[in-house]
Structure formats: structure tokens, C-alpha cells
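Please keep the model open while you go through these notes. Each point takes up one place in the fold.

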Amino acid sequence: MTTQPVLDATGVAKNYGAVAALRNASLSVLPGEVHALMGANGAGKSTLVKILTGAVRPSAGDILIRGKPLDVRSPAQARRAGLVPVYQEPALIPDLDIVSNLRLTRTPVEPFRNWVRELGVPDLDLDDLARDVPLAILRVLDLARALAVQPDVLLLDEMTAALPANLAERVLDVVRRQAAAGRSVIFISHRFVEISALCDRATVLRDGETVGVVDIEPGVEEKIVELMLGARVDRSRPVSASQVAARQPGEKPRLSVRNLSIGTKLNDVSFDLSNGEVAGVVALEGQGQDELFGALAGSIRPAGGTIEVDGRAVRFGHPADAIQAGIAYVPGDRAEALLMQRSVRENIALPFSARLRNWGPIGSQRERGAVSKAIERLQIDTRAQGEVQRLSGGNQQKVTIARWVAADARTILCFDPTRGIDVGTKQEIYKLLRELAGQGKSILFYTSELEEVRRVCDRAIVIFSGRVVDILPVEIADEAALTRASYGLPRGAAADVGILADAAQKGAGAP
Ligand SMILES: Nc1ncnc2c1ncn2[C@@H]1O[C@H](COP(=O)(O)OP(=O)(O)OP(=O)(O)O)[C@@H](O)[C@H]1O
């Protein structure tokens with residue numbers, strides 16, 4: 001006897017004017033299954049999730065829930081049918097406190113609180129405004145809110161993308177337990193390690209169409225990449241990090257940070273960043289990395305310490321000061337970085353306009369050329385380029401990176417730049433960062449995906465509890481070493497205590 005799918009969608013299509021976000025998508029999910037939904041940026045994954053959960057009306061298609069047709073007209077209706085999403089962007093209303101946000105969606109408070117604790121956030125204050133909560137924690141709150149109503153099918157759209165290793169692990173554990181209890185989870189992620197550790201099957205979308213359904217077993221990754229990228233296969237050549245060219249005698253570091261302190265968040269942080277270097281910053285959630293990047297980008301004023309650029313002390317009172325010193329910032333939260341109602345081109349050209357005020361006009365032909373080159377280089381899907389808010393999440397992320405590539409900044413601060421980027425484009429971004437370093441630019445690169453350190457960086461600066469606890473050369477910066485260091489353990493220490501050993505092993509990619 002075959003088991004009846006809990007959800008069975010066929011022939012789903014969605015047009016936005018001339019843009020076909022989905023053309024012919026199907027998805028069938030069994031009870032107790034963790035089912036991956038995969039596809040390159042812009043393939044239509046988020047659109048399908050929004051249709052299944054009543055946020056977007058499809059142009060065509062049939063949806064069966066436990067064998068019965070359902071015309072999903074609203075989020076409330078989807079919820080009654082047992083389908084509950086966590087969307088790619090935080091869903092809490094920023095100007096409301098958390099408890100009011102819960103009331104709005106009639107979420108039971110106690111189960112929510114229990115899930116928040118379970119997910120690794122022990123000290124949440126429900127009276128905090130959502131806007132004051134860091135992005136990673138907001139994602140956890142969105143998940144807790146969904147779990148609190150006990151969904152039959154939980155739809156997670158890049159739930160782990162903004163999460164550091166410790167929180168991501170908790171999410172994976174919770175998903176496993178949902179499945180063990182007979183509930184189903186649809187799991188969107190660009191991280192193969194998670195897919196192979198968690199999922200039973202994967203449905204692959206390409207250009208709005210389901211192009212395959214595969215069982216997750218060893219070696220299936222290649223097949224999935226082929227299905228995802230189709231003719232676009234730019235075989236994922238690993239990019240190996242090269243060492244920084246030796247500093248010329250007398251050459252000052254591009255950026256020199258000494259004894260930087262910010263309240264209780266950052267303490268006595270010192271490091272140099274050379275010309276032509278990519279330095280990785282590795283940290284678990286909330287260890288001071290946000291504050292470090294904020295200070296270097298001119299949005300947070302440090303309480304103590306110094307920052308030097310090319311040997312000259314600087315004090316940034318405003319992000320424009322950092323930009324003027326040649327420091328560009330790619331924030332992890334793209335909503336913060338982008339003018340959502342403006343076009344792709346305007347968003348990429350933004351730093352040029354900022355320069356206009358300071359240094360006089362810039363030839364618009366040069367500007368147009370630089371913008372076009374950045375669009376091409378980052379393979380930005382420009383079908384909906386009139387307004388950035390209509391791009392898929394991954395393509396929005398690419399716009400933030402393209403902006404600083406086009407502006408030709410000498411130092412780039414990247415905060416989790418590959419969040420939500422598909423495997424093919426990730427390779428392109430790694431190559432690009434190495435090329436920029438080859439041209440003498442310096443890059444500070446925070447990543448929540450530890451394997452990226454080996455692919456891109458020359459060194460890893462590990463921060464724990466607001467302090468730099470280790471600086472590892474790339475040769476020894478494997479995932480286990482980075483995980484150990486980011487828990488504050490000394491180099492070479494045997495990670496033999498319960499969760500740490502476990503975390504280190506999982507960080508190394510073991511299931
Ligand atoms: N409101 C809209 N108006 C116009 N086009 C849209 C709109 N929303 C989505 N699209 C387009 O639909 C396509 C699919 O987008 P979708 O967000 O579903 O992709 P995705 O697979 O989730 O991508 P990613 O991995 O980048 O999140 C994209 O080309 C996008 O530009």
C-alpha cells in the first residue's frame with residue numbers, strides 16, 4: 001500500500017506581468033518526511049512556498065491536502081489546513097514588541113516561549129521591540145512562532161541562512177524531531193551539508209519548473225547541481241585561497257585595529273588587514289561581530305581603541321566617513337542595504353551618487369559600464385529589475401555585493417555575503433573576492449558557513465565573547481579547528497565534552 005501524500009501540488013504557475021516566476025511546478029510530500037526544495041536563485045522556490053501558504057494566489061495549478069483539493073485563498077486558511085511557513089525575511093513587525101506580534105497572529109505565548117528556549121535563546125524579553133532584536137534571533141522567533149501552532153507541514157524558506165553554527169544545529173535537531181513525530185517539513189537551503197544531514201528527498205526547480213525528484217543518498221549532490229543549473233553548469237571548481245603577497249618593507253596595513261571596545265560587546269580587539277588580503281571573521285551568534293563591523297563601517301562609535309587606515313588614525317562619525325575612507329560595507333541584512341522600490345541599476349550605482357557629492361561628477365558612461373559589468377559578473381537575474389523588492393532573495397543579495405564591486409572600493413567589509421546564494425553563484429563570488437584581493441584590495445569577510453574560510457580567506461580571526469581568541473592561518477583553519485576556537489577552546493585542545501565534540505564534528509560535515 002502506498003502512503004498518501006500530506007501535500008500534493010501539480011502544475012503550479014505564477015505570472016507577474018511578463019515575468020513567469022513559476023511555470024509548471026509540482027511538489028509531493030509524505031507524512032513524516034523532510035523534503036528539500038532546491039533550485040538556483042530565482043528558480044521559484046519562495047514563490048511556491050508563498051502559494052502553498054496563501055500569501056500569493058497562483059495563476060494555475062492544483063493543490064491536494066491529504067488527497068482533497070484545496071483552494072488556498074489566505075494564510076489563515078493555509079494554517080487551518082496545517083500548512084505553516086517561515087518566510088525568507090523576518091516576518092515580525094519591527095515597530096511592535098514581540099508579545100504584540102504574537103497577539104496579531106494569535107500565537108499561544110507559552111508554547112512559543114518553550115520553543116524559543118528549545119531553539120537556544122534562553123533570555124528573550126517579550127517586551128523588546130522586534131526592530132531591536134538581531135537578525136539571527138528574529139529568524140529563531142519566526143520559527144518558534146510557527147512551531148507553536150503544531151503544523152502538519154512546516155515550510156522553512158532558508159531558515160538557517162542567517163544562523164551561526166550553534167543556532168543552525170538546534171534548528172536541524174528540531175526539524176528531525178518534527179519528522180520523528182510524523183509531521184512533515186519542506187526545507188529550502190543552499191547548504192548541501194544540511195540537506196544531506198536532514199532530508200529524505202529533494203524536489204529540484206529550474207526556471208519555474210520541477211525538473212526532478214531525488215532520494216537523498218551519498219553522492220546525490222552532483223545530480224542535484226546538474227538538475228538545478230541545467231545548461232548553466234559552470235562546474236564548481238573549488239577556489240583555493242592563495243597567501244597574501246608579502247608586505248612591502250615600510251608598507252602600512254590597509255586597516256589597523258587596536259584595542260577596540262564597544263560597551264560589553266567588544267573588548268580589546270586588535271588585528272591588521274593587509275592590502276590584498278581576505279581575512280575571515282568567525283564567531284558564534286552574538287559574540288561581537290555585528291559591533292565590530294558596525295564600528296568599521298561607521299555606524300557604531302567605539303568606546304575605546306583606535307582604527308587606522310593606511311597608517312592614519314580615523315574616527316568615523318557616520319557611514320559616509322567610512323565610505324570616504326574607501327571602506328565599503330555589505331550588510332548581512334539586505335533590507336537594511338537596499339532601496340527596495342528602486343531599480344537594480346539605481347541600487348548598484350548608489351555609491352557613485354554618494355561620491356558625486358564629495359568628489360565631483362563621475363562620467364555616466366563609466367558608471368553605466370561598471371554597473372553592467374557587475375550585473376553580468378554576479379549573474380543577477382534582471383527579469384524584474386525595475387524594483388529590487390521584486391527580485392528573489394538571492395538576487396537581492398547579489399545586488400548588495402555588485403554595488404561595491406562597481407564602486408571599486410579599496411576595502412570591502414562583507415557580512416555573510418553568500419547568505420541565500422546558490423551553489424553556482426557562490427563559486428563566482430569566491431572567485432571574485434580572490435580577484436579583488438589579487439588587485440590589492442583588502443576584504444574582511446564574516447561568514448556563518450565555516451567551509452568558506454578555506455575557500456576564500458588567507459587567515460581566520462576568531463571572536464568569542466567580544467575578544468579575538470585566535471587568528472589561524474588558512475592551512476589549519478578547517479571546520480573542526482574553527483568550531484573549537486569559536487567556542488573559546490584553545491588550539492589543539494581535545495574537544496571531548498558532550499556538545500562541543502558534537503558541534504565540532506558536525507561543523508566538519510559529519511551527519
Ligand atoms: N512581486 C514580483 N514581481 C515580479 N517578479 C517577481 C515577484 N516576486 C518574484 N518575482 C520573480 O520570480 C522569480 C522567482 O523568484 P523566487 O523568489 O520564487 O525565487 P527563489 O527560487 O526563491 O530564489 P532565491 O534562492 O534567490 O531565494 C524571480 O525571477 C523573481 O524576480
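At what angle do H4 and helix H5 pack, and how far apart are their axes?

1. This is a predicted model. In it, H4 and H5 (residues 135–147) pack at an angle of about 135 degrees. Their axes are 8 Å apart. The two helices are therefore oblique to each other, since the angle falls in none of the ranges for roughly parallel (under 35 degrees), roughly perpendicular (65 to 115) or roughly antiparallel (over 145). H4 passes H5 in a right-handed crossing. On the H4 side, the contact is made by Phe112, Trp115 and Val116. On the H5 side, Val140, Leu141, Ala144, Arg145 and Leu147 take part. By class, the residues of this contact divide into seven nonpolar, no polar and one charged. An α-helix has 3.6 residues a turn, so residues three or four places apart point the same way.

2. Turn now to another helix pair. Helix H13 (residues 364–377) packs against helix H14 (residues 393–407) at an angle of about 135 degrees. Here the axes are 9 Å apart. That angle makes H13 oblique to H14. The crossing of H13 and H14 is right-handed. H13 brings Ala370, Val371, Ala374, Ile375 and Arg377 to the contact. H14 brings Ala402, Val405 and Ala406. The contact of H13 with H14 has seven nonpolar, no polar and one charged residues.

3. Next, an open sheet. Four strands make it up, in the order E12-E11-E14-E15, and the pairing is antiparallel. Which strands stand at the edges? They are strand E12 (266–273) and strand E15 (312–314). Each has a single partner strand, so one side of each is left without a neighbour in the sheet. From one strand to the next, the twist averages 25 degrees. Strands of a sheet pair through backbone hydrogen bonds, either parallel or antiparallel. Strand E11 (residues 255–262) is joined to E12 by five bridges, and the two run antiparallel. Within this pair, leucine 255 stands opposite leucine 273 in E12.

4. Look at strand E19 (residues 459–464). Is E19 largely enclosed or left open? Five of its six residues are buried, so E19 is largely enclosed by the rest of the structure. E19 pairs with strand E13 (residues 278–282) in the parallel sense, over four bridges. In that pair, glycine 280 has alanine 460 of E19 as its bridge partner. E19 also pairs with strand E20 (residues 467–473), in the antiparallel sense and over six bridges. There, phenylalanine 464 has arginine 467 of E20 as its bridge partner. E19 and E20 form a hairpin with two residues between them. Serine 465, in the turn, has a positive phi of about 55 degrees.

5. Positive phi values deserve a check. Most residues other than glycine have a negative phi. Arginine 106 has a positive one, near 50 degrees. Where does arginine 106 lie? It is in the loop between helix H3 (98–104) and helix H4 (109–118). Arginine 106 has 9 other C-beta atoms within 10 Å, so it is exposed.

6. Aspartate 416 also has a positive phi, near 50 degrees. Its place is the loop between strand E17 (411–415) and helix H15 (423–438). Is aspartate 416 buried or exposed? It has 25 C-beta neighbours inside 10 Å, so aspartate 416 counts as buried. The cut-off for buried is 20 or more.

7. Helix H17 (residues 479–486) is mostly covered, with seven of its eight residues buried. Those buried residues are Glu479, Ala481, Leu482, Thr483, Arg484, Ala485 and Ser486.

8. Last, find glutamate 251. It sits in the loop between helix H8 (220–229) and E11. Glutamate 251 has 12 C-beta neighbours inside 10 Å, so it counts as exposed. The cut-off for exposed is 12 or fewer. Glutamine 287 is 36 residues from glutamate 251 along the chain. How far apart are their C-alpha atoms? They are separated by 31 Å.

Conventions
Residues are numbered from 1 along each chain as its sequence is written. This is a predicted model: local features need pLDDT of at least 70, side-chain atom pairs count only at pLDDT 80 or more; totals for chains, interfaces and linings use all residues. Two strands pair if DSSP finds at least two bridges between them. Axes are lines fitted to C-alpha atoms, for helices over the stretch in contact, and angles run from 0 to 180 degrees between N-to-C directions. A crossing is left-handed if the near helix is turned anticlockwise from the far one by less than a right angle, and right-handed if clockwise. Two residues are in contact if their C-beta atoms, placed from the backbone, lie within 7 Å. Ala, Val, Leu, Ile, Met, Phe, Trp, Tyr, Cys and Pro count as nonpolar, Asp, Glu, Lys and Arg as charged, and the others, Gly among them, as polar.
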